[in-house]
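The following note collects points on the strands, cavities and pockets of the entry under review. Each point may be checked against the coordinates.

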Amino acid sequence: MSSVVGYIGKNYSWDFVIDALVRLEYRGYDAAGFACLDSKTHEILYRKSVGHLDCLIDKVADDVIDGNVGIGHTRWATHGVSTEVNAHPQFDEAKRLAVVHNGIIENHHILRAQLRGEGHVFYSETDTEVIAHYLEFVLEQKKHAQISEVLVSMVERLQGAYAFICILQQKPDLLIAVRKGSTLCIGIGDGEFFVASDPIAFAGRCEHVLYMPDETFALVTRQEIELYDFEGTRLTFSVEPIDIVWEDTGHEFESHMLKEIYEQKQAINAGVAFFKSLHQSGNLWNSLGFKPDFFKNLNQLMLFGSGTSWNAAQIGKFFIESIAKIPVNVALASELRHMPFFPGENILHVAISQSGETADTLEALRMITAMNASTLALTNVPSSTIVREADGFLLLKAGPERSVCATKVFTSELAILYVLALCIAFEKGVITQEEMDEGYKKLFIAAQALESTLERYKYEIMATYSPRYAQYEKFIFIGRHVTYPFALEAALKLKETSYLFAQCYPAGELKHGAMTLIDEHVPVILYSHVDPAIYKKLVSTAQEIKARNGHLIVFGFKGQEELAEIADCFFEIPTIDPLLGPIAMAGLMQIFVYYIAKELDRPIDKPRNVAKTVTVE
Ligand code: AGP
């Protein structure tokens with residue numbers, strides 16, 4: 001998962017390329033690069049750097065290059081460690097063409113071997129260099145052919161999901177953009193064209209965008225765009241208005257993550273208000289793409305996603321089964337593709353993805369769509385691929401999330417899954433309008449509890465707990481019923497932000513083996529539950545842990561004295577609806593792991609080895 005951008009037009013390209021890369025750096029920050037054609041000699045000029053974009057900015061500032069045709073890249077390494085040689089752009093042998101690429105060429109080793117047999121020499125470990133050499137090879141083979149013919153024979157051999165942009169010395173007024181699976185779009189400017197993995201890259205620079213259909217390539221000159229399918233057929237295309245704005249979110253917080261943690265109550269209320277207005281105005285069905293009676297006849301749901309969105313799906317299952325009384329399957333997107341799939345009547349398949357670009361979730365959605373099953377996307381990005389590919393969509397309205405570690409989108413996903421459960425229950429006649437309104441109130445109270453708990457404990461966590469717990473290397477997270485998937489999310493957050501080892505178990509499972517891990521060196525973080533029957537079971541588990549000198553940190557609810565007594569550290573959360581414990585506890589959980597990561601001096605918004613949007617499978 002990387003970001004690719006390209007420019008051709010009346011202006012020099014560096015200004016757009018670097019601005020676009022800054023906007024897309026959430027997709028990968030292992031390395032970066034820029035290449036352009038010298039406007040006089042058409043020679044390929046380039047600069048590459050390891051690490052964050054600042055390094056590339058410094059390199060270009062120190063030794064300026066620019067031209068009217070340029071390409072850029074930020075890298076999330078898939079093949080080869082983060083070095084300058086492995087950074088993009090990658091070149092053919094004679095550096096007469098340059099390529100930036102997002103995705104994976106799955107048969108790169110076969111093509112590399114073939115090209116080596118033809119005498120090609122490779123310098124990097126990347127699959128991308130194979131694209132450059134293979135284009136050089138086909139150009140050689142088809143000296144007199146149209147460039148479109150060359151590309152048709154080339155894509156015949158490339159396997160995998162990819163989006164790449166290419167510039168050639170021999171074609172100084174051309175930018176080539178090729179898409180298969182991974183997203184690519186073209187901004188239509190006045191005398192200039194912008195190519196990028198995500199339209200946010202050129203928001204504010206032009207008004208219209210061409211979302212390249214899957215398995216197409218575009219030949220972009222200063223005058224026009226020629227779009228072809230992979231058979232070489234020239235395609236007509238329509239452009240859409242760009243309805244997204246790049247908000248350069250300057251703010252007083254020390255990081256995007258902290259800002260987004262504090263935005264949660266507001267984000268939840270904004271999402272719920274938007275959903276409510278859609279439902280009350282009757283526009284919900286248009287947005288969802290279903291007729292009102294679709295919900296009436298709904299028999300079952302499947303929720304699927306990756307990472308935090310998968311954890312949200314597992315909590316959403318409790319909401320929908322408890323409130324709407326219909327069964328819910330939850331699937332991990334990356335596994336769903338390999339599982340037997342049983343399409344059925346009146347089953348709704350909900351793809352949950354804040355970015356709407358996660359390859360695992362998109363590919364699972366495409367598999368379900370191919371079975372003509374009903375699909376709905378729950379996302380935070382209206383311009384995303386998932387909105388264009390699902391039958392209907394629901395927006396989180398949480399506002400842009402910049403930190404790689406998802407926080408506000410997690411609680412917004414929970415809130416929208418909760419109101420979706422209320423809505424299905426209402427349409428099925430399982431609950432009344434009063435009960436639905438009561439549900440909205442409970443959600444509002446949970447969002448309130450999230451914020452008040454955050455405010456109550458933030459200084460104590462900063463001053464006392466994070467310095468204390470940053471000294472431990474391993475943690476165990478436990479929960480029961482709806483707080484087990486919440487514990488999964490908490491463990492993910494600690495791993496993502498602090499790089500510490502975190503294991504998560506359903507509380508009742510510890511005694512079946514993992515209890516061996518318990519001792520005074522491995523803190524256990526227990527997320528309690530308001531339901532008295534479940535609480536009682538959690539108290540037994542807590543006592544078993546203490547009986548083995550375990551160190552116990554408890555996120556409990558008001559009045560849960562027994563747990564408060566047993567715990568080495570107890571955080572009290574106001575009592576709320578039992579199902580909504582995860583929302584009320586979320587802010588505190590996130591700030592707890594945040595300050596441990598800060599204590600360890602981790603790069604909070606851009607942790608190592610991951611990226612905000614995972615666009616490769
Ligand atoms: C969460 O903090 C991570 N950034 C990651 O697990 C993320 O939730 C996952 O990649 C799914 O992203 P999506 O919601 O954009 O599909």
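1. Strand β18 (residues 347-352) and strand β19 (residues 374-379) run parallel and are joined by five bridges; strands are DSSP runs of E with at least two residues, helices runs of H or I with at least four, and both are numbered from the N terminus. Two strands are taken as paired if DSSP finds at least two bridges between them. Within this pair, His349 has Thr375 of β19 as its bridge partner.

2. The model is predicted, and local features need pLDDT of at least 70, side-chain atom pairs count only at pLDDT 80 or more, while totals for chains, interfaces and linings use all residues. Residues are numbered from 1 along each chain as its sequence is written, and side-chain values use heavy atoms, with hydrogens and water left out.

3. Both strands of the first point belong to an open sheet of five strands, ordered β17-β16-β18-β19-β20 with parallel pairing. Its edge strands, β17 (328-332) and β20 (392-395), each pair on one side only. Helix α12 (residues 359-370) lies across β16 (300-305), β18 and β19, at about 145 degrees to β16. Here contact means heavy atoms within 4.5 Å; axes are lines fitted to C-alpha atoms, for helices over the stretch in contact, and angles run from 0 to 180 degrees between N-to-C directions.

4. Strand β6 (97-105) deserves a separate point. Nine of its nine residues are buried, so β6 is largely enclosed by the rest of the structure; buried means under 20% relative accessible area, with a 1.4 Å probe and protein chains only. Strand β5 (residues 90-91) is joined to β6 by two bridges in the antiparallel sense, with Gln90 opposite Val99. The hairpin of β5 and β6 has five residues between the strands, and Lys95 there takes a positive phi near 55 degrees. Strand β7 (residues 160-168) is also antiparallel to β6, through nine bridges, and Ile104 has Ala161 of β7 as its bridge partner.

5. How many cavities of 30 Å³ or more are there? The count comes to two. A cavity is a set of points on a 1 Å grid over the protein atoms alone where a 1.4 Å probe fits but cannot get out, and lining residues have an atom within 4 Å of a point. Grid points are joined across faces, edges and corners, and a volume is the space filled by probe spheres set on the points.

6. The largest cavity has a volume of about 80 Å³. Its lining holds 14 residues, and Trp76, Thr78, His88, Asp127 and Thr128 lie nearest the centre. Strand β6 gives the largest share of this lining, three residues. By class the lining has two nonpolar, ten polar and two charged residues; Ala, Val, Leu, Ile, Met, Phe, Trp, Tyr, Cys and Pro count as nonpolar, Asp, Glu, Lys and Arg as charged, and the others, Gly among them, as polar.

7. The largest pocket has a volume of about 650 Å³; a pocket is an open set with protein on both sides within 12 Å along at least five of seven lines. Of its 28 lining residues, Ile200, Asn380, Val381, Pro382 and Pro400 are the closest to its centre. The second largest pocket has a volume of about 520 Å³, and the largest share of its lining, four residues, comes from α16.

Technical notes
Buried means under 20% relative accessible area, exposed over 50%, partly exposed in between (1.4 Å probe, protein chains only).
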